[in-house]
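Hi everyone, thanks for making time this morning. I'd like to walk you through one structure, so please have a look at it with me.

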Amino acid sequence: MPKTSLANRYLQAWNSHDPDRVLSFFNKDATYVDSGLLQQVQGQMVGDYVEKIILLCPDVSFELLDGGITGNGRAAIQWRATGKELNRLCPQIDAGSIDTICGLDYIVHDHGQLLSTHVYFDLSPFLQTTHVSAIAARKHYQKSGLSEQELRSYQQQLNQLMQHQQLYLNNNLTLAELADELNLSSNHLSQVINSQFGFSYYELLNHYRIEKAKQLLQETDPQTSTLDIAFNSGFGSVSAFYRAFQQHVKMTPVQYRKRYC
């Protein structure tokens, strides 16, 4: 049986909009974690939650992008969803009504029965700003905000916070949450990031995540999948991981592992 057959059958069940068909894949004690709606349910509650998702977007259609088995009863099912008002599935997206979004289900299974499912959404097309906007913001902040001494001090604090507490491993970390850690306003934290690092907020997170990924690629067993490396570095999707890694390192994770490990 092809390795992608589980992924195909699973998405076909969702496309049927039949809760019973979807639930036939789940073990009775399965766990369902949804990063879009920030929910976690288990056991009998999974049935109610599946019905809720189908009712939120009754016209949603899933297309399989990739669905390789990763070994040890794990699989990553990358998909593209189309339909009306898909931001209902992920209210974090502040971009009006959207009709297309990509994501990934990271599952643990036993002979085709799902023991757990973690649903991730690729938010980078909606959240990331460009390096150009960071430069523009840096010019803006030169006229107001924190002093140069304060900027340098908060830069050191931010760097220490990221290195010691590794907050970037939380793929849902917001600018406001990080600002709270430093007792700063979101605007002042943006000033620190733009002027001292030359990054946007999401570029900064990816910087630390890529450094973590490089470390894991060098230190973990070569059999450890790049999927595990991506999630253990703080990325919410494999596509975002590969895109950021190639942008920062100028090679793929596989090429990096072959060269340095």
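Let me begin with a term: two strands pair if DSSP finds at least two bridges between them. The strands themselves (E, at least two residues) and the helices (H or I, at least four residues) are DSSP runs, numbered from the N terminus. Please keep in mind that this is a predicted model, where local features need pLDDT of at least 70 and side-chain atom pairs count only at pLDDT 80 or more, while totals for chains, interfaces and linings use all residues. Residues are numbered from 1 along each chain as its sequence is written, and side-chain values use heavy atoms, with hydrogens and water left out.

Now the overview. The protein chain has twelve helices and seven strands. Of its 261 residues, 46% count as buried; buried means under 20% relative accessible area, exposed over 50%, and partly exposed in between, with a 1.4 Å probe and protein chains only.

On to the strands. Strand 3 (residues 61-66) and strand 5 (residues 74-82) run antiparallel, joined by five bridges, and D66 has Q78 of strand 5 as its bridge partner. Strand 5 also pairs with strand 6 (residues 100-110), again in the antiparallel sense, over nine bridges. There, T82 is partnered with T100 of strand 6. Next, strand 6 runs antiparallel to strand 7, with eight bridges between them, and D105 stands opposite V119 in strand 7. The hairpin of strand 6 and strand 7 has two residues between the strands, and H111 takes a positive phi near 55° in this hairpin. How do strand 1 and strand 7 run, parallel or antiparallel? They run parallel, joined by five bridges, and F26 has L114 of strand 7 as its bridge partner.

Let's turn to the inside. A nonpolar core here is a set of buried Ala, Val, Leu, Ile, Met, Phe, Trp, Tyr and Cys residues joined through side-chain atoms within 4.5 Å. The largest one holds 36 residues, and Y10, W14, F26, Y32 and W79 touch the most other members. Two or more residues come from each of helix 1 (5-15), strand 1 (26-34), helix 3 (45-56), strand 5, strand 6 and strand 7 (113-121). Helix 1 gives the largest share, six residues. A second, separate core has 20 residues, among them L151, Y201, L205 and Y208.

Back to Y10 for a moment. Contact means heavy atoms within 4.5 Å. Leaving aside neighbours within four places in sequence, Y10 is in contact with F25, F26, Y32, I77, D105, L114 and T117.

In helix 12 (residues 253-260), P253, Y256 and R257 are buried. Seen down the helix axis, the buried residues fall within an arc of 100°, so they line one face of helix 12; the arc is that of the directions from the helix axis to the C-beta atoms. K258 and R259, on the other side, are exposed. What covers the buried face? The cover includes helix 9 (201-219), helix 10 (226-232) and helix 11 (238-249).

Helix 11 and helix 12 pack at an angle of about 50°, with their axes 9 Å apart. Axes are lines fitted to C-alpha atoms, for helices over the stretch in contact, and angles run from 0 to 180 degrees between N-to-C directions. The contact is made by F241, Y242, F245 and V249 of helix 11 with P253, V254 and Y256 of helix 12.
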